[in-house]
Amino acid sequence: MTTTTTTTTAHPYDPLTAEEIEKAVGVVRAGHSQRGAMKFPLVRLDLPDKEQVRAYDPSRPIPRVAFLVVYDPEASAMFEARVDLTDDSLVSFKHLPGLQPPIMIDELMALDEIIKNDPAAVEALARHGVDDLSQVQFDPWSTGTLPIEGVDARRRVIRSTAYVRHFTEDNGYARPVGNLVFVIDCDSRSVVAISEGDPLPLPPESGNYDSGSVGPLRDDLRPIEITQPEGPSFTVSGNVIEWQRWRLHAHIDVVEGLVISDVSYLDEGRRRSIVHRAGISEMVVPYGDTSDDFYFRNVFDAGEYSLGKTVGSLSLGCDCLGEIRYLDAVLSDESGTPHTITNAICLHEEDYGILWKHWDFRYVEQAEVRRSRRLVVSSIHTIGNYEYGFFWYFYLDGTIQFEAKLTGIVQTRAVAPGEQPAYGTLVAPQLDAPNHQHLFNMRLDMEVDGPRNTVVEVDAVGLPMGPDNPYGNAIVARRTEITNERDGRRMCDPLTARSWKITNPGVRNRFDEPVAYKLVPFVGPTLLAAPESDLARRAEFARAHLWVTRYSPDELHAAGDYPNQHPGDGIGQWIEQGRDLADTDVVLWHTFGTSHLPRPEDWPIMPCEYVGFALKPVGFFDRNPSLDVPPPAGHGAKSCHSTPQQGDGDRHGE
């Protein structure tokens, strides 16, 4: 059974409705009617003050304000606008000279027409063996700030590469057109430069992966059915979800994608805050190939491509399994017209193995065991060749986990017959998948039992032998308080099992220790680009695993609000303010991801790669909060099989 929940405005973080989007765009158009060609790259809720959210009373609604990024292509000018939706007034309309808004979907969709109608581009394609343009695929690439010969850096430009399909559904990434790059002026809708090297033959093999292309399918996979005859254990009201003591708000933001907020836990009758708001502040995918058609490929999927706009509709039995509920997403296109992505967020429960277990073998015949279960809040975003699944998990023991699932098609490059790529892997004859990284930055606006928190770095350290440690076995927790932003740039250390506790010094548990949650980081790479490179300046957030800042409503995106064609902004500059971090409203920015050295097994479609992190209670509860979870099936431990059943293998239900 599935149900789609219609968005309401019952919570101060509810996204704009279709009616509110139309109203906001109409107010801006009416106030600046002389700009007839206006586009609207971003239309989103202007976040209300946090104090208003904390004190929210549905009987006294908070005034709702829309935030819009407006672009005038005729004047090549960008503006920020705010519209009060209570009285339909234009609060502000501010010009931002020298900045570029995110790349717009209609600019991407125009590439085919622009390139195919340019005689020089058609001739270049012909020189590379492409005469039939009917099935050519053109992919966009943000250009950053790397110079383009003969092109004014102030122009709004993107680069484009070509791939050849043999039919409409063909996998174009199997046949990239090598050594050919087009530079497009989005405002004039023209090809302004062509970068061309020696032609290369198209790779010879198909890369199709649909069930009709891969040969006989396995016939020995038996069905798995997940049923909840009494329905799920969670409830949904608008965008607010409640499950097993948890309460949270979830929605799709146009830039950040899946966002959770107002996360709290009902502990013995008291509702306790944990996370105020969490979402992907930025993500960068830098490619490590130096060839002329690859060196510029380093995309900021949130700030340059508007991650939320790439969300797709989810399907029961394919993307989600079980007793599902869905939330829709209402977004705006660049004309300012709202549209609905149905089933953009999936909500369901999953069995997650053993929660806890012990068998007192001396005196008790049966073990005490409880099954773990988690609430899953997920969305899937398609950005060009890659898919990113974002999954928030909430557990019965108070743990929160985030997981990104990376799949889709690896980016490819044509190479000459017999060539061994220096910066990638052959995944098919004459087809190279270049080395690259996927680096996410999660903005965690924490609120552990209230807004006054302190971050403490914790390392597990073995002490040297001495009078207090005569046997050399002592292990202590070494704590380092992060009290100033200039000390807020931190790195993972797997040798010390480093974690970061978000404590509340003003709230103590029964052991007189500050209540806390800890960030258990994903221990992975940071940015591999040279520190003095253009990319390192623009993606400074990816050069450290953790940053801690004092909360500011103007600091939402780790690479700045507008990274498109920008030389660098964001978190590296913010921490230079040196703001105090002790016992105050803090934000953690966790960078995590993977360095992808492609394998032949990643072609023609990549199995999921998993990265993420966890938030775990540390003295937040006085003891295990899941003691009251009932035994399996609700009938006591004896409902579990104590011995294997004939023909069913060694174990049941694990």
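1. Burial first: 54% of the 654 residues in the protein are buried, where buried means under 20% relative accessible area, exposed over 50% and partly exposed in between (1.4 Å probe, protein chains only). Keep in mind that this is a predicted model, in which local features need pLDDT of at least 70, side-chain atom pairs count only at pLDDT 80 or more, and totals for chains, interfaces and linings use all residues. Numbering runs from 1 along each chain as its sequence is written, and side-chain values use heavy atoms, with hydrogens and water left out.

2. Overall shape. For 654 residues, a compact globule would have a radius of gyration near 26 Å, and the protein's 27 Å agrees with that; the radius is taken over C-alpha atoms, and the globule rule is 2.2 Å times the number of residues to the power 0.38. Along the principal axes, the C-alpha atoms fill a box of roughly 85 × 65 × 60 Å.

3. Secondary structure and contacts. The protein has 7 helices and 32 strands, taken as DSSP runs (helices H or I, at least four residues; strands E, at least two) and numbered from the N terminus. Of the contacts between residues at least 6 apart in sequence, 66% join residues at least 24 apart; contact here means heavy atoms within 4.5 Å.

4. The main core. The largest nonpolar core has 115 residues, and Val377, Trp392 and Phe394 touch the most other members. Strand S14 (residues 270-286) gives the largest share of this core, 6 residues. Apart from it there is another core of 19 residues, including Ala81, Val83, Leu85 and Val330. A core in this sense is a set of buried Ala, Val, Leu, Ile, Met, Phe, Trp, Tyr and Cys residues joined through side-chain atoms within 4.5 Å.

5. Phe394 up close. Beyond its neighbours within four places in sequence, Phe394 is in contact with residues including Trp243, Trp246, Leu248, Ile260 and Val263. Arg373 and Arg374 are also among the contacts of Phe394.

6. His438, worth a click. This histidine lies in strand S24 (residues 436-446) and is buried, with a relative accessible area of 0%. His438 and Thr594 are 156 residues apart in sequence, yet their C-alpha atoms are 5.5 Å apart in space. Leaving out residues up to four places away in sequence, His438 touches Val284, Val285, Tyr386, Tyr388, Leu406, Phe592, Gly593, Thr594 and His596.

7. His566, in a loop. This one lies between strand S30 (546-550) and helix H7 (571-574). His566 counts as buried because its relative accessibility is 18%. With residues up to four places away in sequence set aside, His566 touches Leu99, Thr145 and Arg538.

8. Most residues other than glycine have a negative phi, and most peptide bonds are trans. Gln244 has a positive phi, near 45°, and lies in the loop between strand S11 (240-243) and strand S12 (246-253); at 34% relative accessibility, Gln244 is partly exposed. Asp449 also has a positive phi, near 55°, in the loop between S24 and strand S25 (454-462), and is buried at 14%. A cis peptide bond, with omega about 5°, joins Trp603 and Pro604. Pro604 lies in the loop between strand S31 (586-596) and strand S32 (606-617).
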